[in-house]
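Please keep the sequence and the structure at hand while reading.

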Amino acid sequence: MDAKTALIVIDMQKGFLNEASAQCIRGAGATVPACTAVINHCRKQNIPVFFVTRRYRADGSDVEHTRFERWLEGGRAMSPGCPDEISADMPEEFGFCGRDYRIIKPRYSAFFHTELDLILRRLGVNTIVLAGTTTPNCIRTTCYDGISLEYNVAVLSDCTSSNTEEIQQSNLRDMANVGAQIMTGEEFISGALIRDTVSLARENVGR
């Protein structure tokens, strides 16, 4: 496995996984086993694992205006003092390794106003593998930002989720059409090649 690869797991938190949450993504809970397998594989292969998550302030001052009303009326998920079942905690199955990275993001993209790009570059990473939820929002914006920032991007289809299968498939197609590689978690674990189109482009500039 390419040592320049990093796994980015986005928003796999009780507030998005639990059906009791107003922010629940219907397909997210079912992806926990596949995500866990990929996380464990990356740890064994010394591939950096980034958990990029949400944590809202109790007063709601940092909640997106487009979801503020639902957040307020739905128990203030992922904020201090909210019920445990809709908290910012991740599934216990993921565990935690001292080498893992944890980043809190303020909006959809894992790159927006976070230190993610800085750390990836410091580690020499040029390829990011995306898992988590939701595919049309946080996965998609992170994918597009990653491509814009000159990373090779792979999206794990069975480790990402949407509220409907139609939404899931249409967004996976869109990301494939802009150059992301779509594969399953098992294909990634089995060593499926992630094309280094970034290096290819750099090496052939001006030819």
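## Second largest pocket

The second largest pocket has a volume of about 200 Å³. The model is a predicted one. The lining of this pocket counts 13 residues, and nearest its centre lie Arg-55, Ala-88, Asp-89, Met-90 and Arg-102.

Two strands, E2 and E3 (101-104), each supply at least two residues of that lining. E3 gives the most, with three residues. Sorted by class, the lining of the second largest pocket holds seven nonpolar, two polar and four charged residues.

## Largest pocket

For the largest pocket the volume is about 240 Å³. It is lined by 15 residues, and the closest to its centre are Ile-25, Arg-67, Arg-70, Asn-137 and Asn-163. Its lining comprises seven nonpolar, six polar and two charged residues.

## Cavity

How many cavities of 30 Å³ or more does a search of the whole structure find? The search finds one. The volume of the largest cavity is about 40 Å³.

Asp-11, Phe-16, Arg-67, Tyr-108, Thr-133, Thr-134, Asn-137 and Cys-138 line this cavity. By class, that makes three nonpolar, three polar and two charged residues. Arg-67 and Asn-137 are among the residues that line the cavity; Arg-67 and Asn-137 are also among those closest to the centre of the largest pocket.

## Nonpolar cores

The largest nonpolar core contains 33 residues. Inside it, Leu-7, Phe-94 and Phe-188 have the most contacts. Several elements give two or more residues to this core: strands E1 (5-10), E2 (49-53), E4 (127-133) and E5 (152-161), with helices H1 (14-17) and H2 (32-44). H2 provides the largest share, five residues.

There is also a second, separate core of 23 residues. Ala-6, Cys-143, Val-155 and Met-175 are among its members.

## Pro-91

Where does Pro-91 sit? Its place is the loop between helix H3 (68-73) and strand E3. Pro-91 counts as buried because its relative accessibility is 13%, and buried means under 20%.

Leaving aside residues up to four places away in sequence, Pro-91 touches Met-12, Leu-17 and Val-32. Ser-21 is 70 residues from Pro-91 in sequence, and their C-alpha atoms are 15 Å apart in space.

## Overall build

The protein has eight helices and six strands. From the N terminus, the order of elements is β-α-α-β-α-β-α-β-α-β-α-β-α-α. The radius of gyration is 17 Å, close to the 17 Å that the globule rule gives for 207 residues, so the protein is as compact as a globular protein of that length.

Along its principal axes, the C-alpha trace spans about 55 × 35 × 35 Å. Of the 207 residues, 47% are buried. Take the contacts between residues at least 6 apart in sequence: 72% of them join residues at least 24 apart.

Conventions
Residues are numbered from 1 along each chain as its sequence is written. This is a predicted model: local features need pLDDT of at least 70, side-chain atom pairs count only at pLDDT 80 or more; totals for chains, interfaces and linings use all residues. Side-chain values use heavy atoms; hydrogens and water are left out. On a 1 Å grid over the protein atoms alone, a cavity is a set of points where a 1.4 Å probe fits but cannot get out, and a pocket is an open set with protein on both sides within 12 Å along at least five of seven lines; lining residues have an atom within 4 Å of a point. Grid points are joined across faces, edges and corners, and a volume is the space filled by probe spheres set on the points. Ala, Val, Leu, Ile, Met, Phe, Trp, Tyr, Cys and Pro count as nonpolar, Asp, Glu, Lys and Arg as charged, and the others, Gly among them, as polar. A nonpolar core is a set of buried Ala, Val, Leu, Ile, Met, Phe, Trp, Tyr and Cys residues joined through side-chain atoms within 4.5 Å. Buried means under 20% relative accessible area, exposed over 50%, partly exposed in between (1.4 Å probe, protein chains only). Helices (H or I, at least four residues) and strands (E, at least two) are DSSP runs, numbered from the N terminus. The radius of gyration is taken over C-alpha atoms; the globule rule is 2.2 Å times the number of residues to the power 0.38. Contact means heavy atoms within 4.5 Å.
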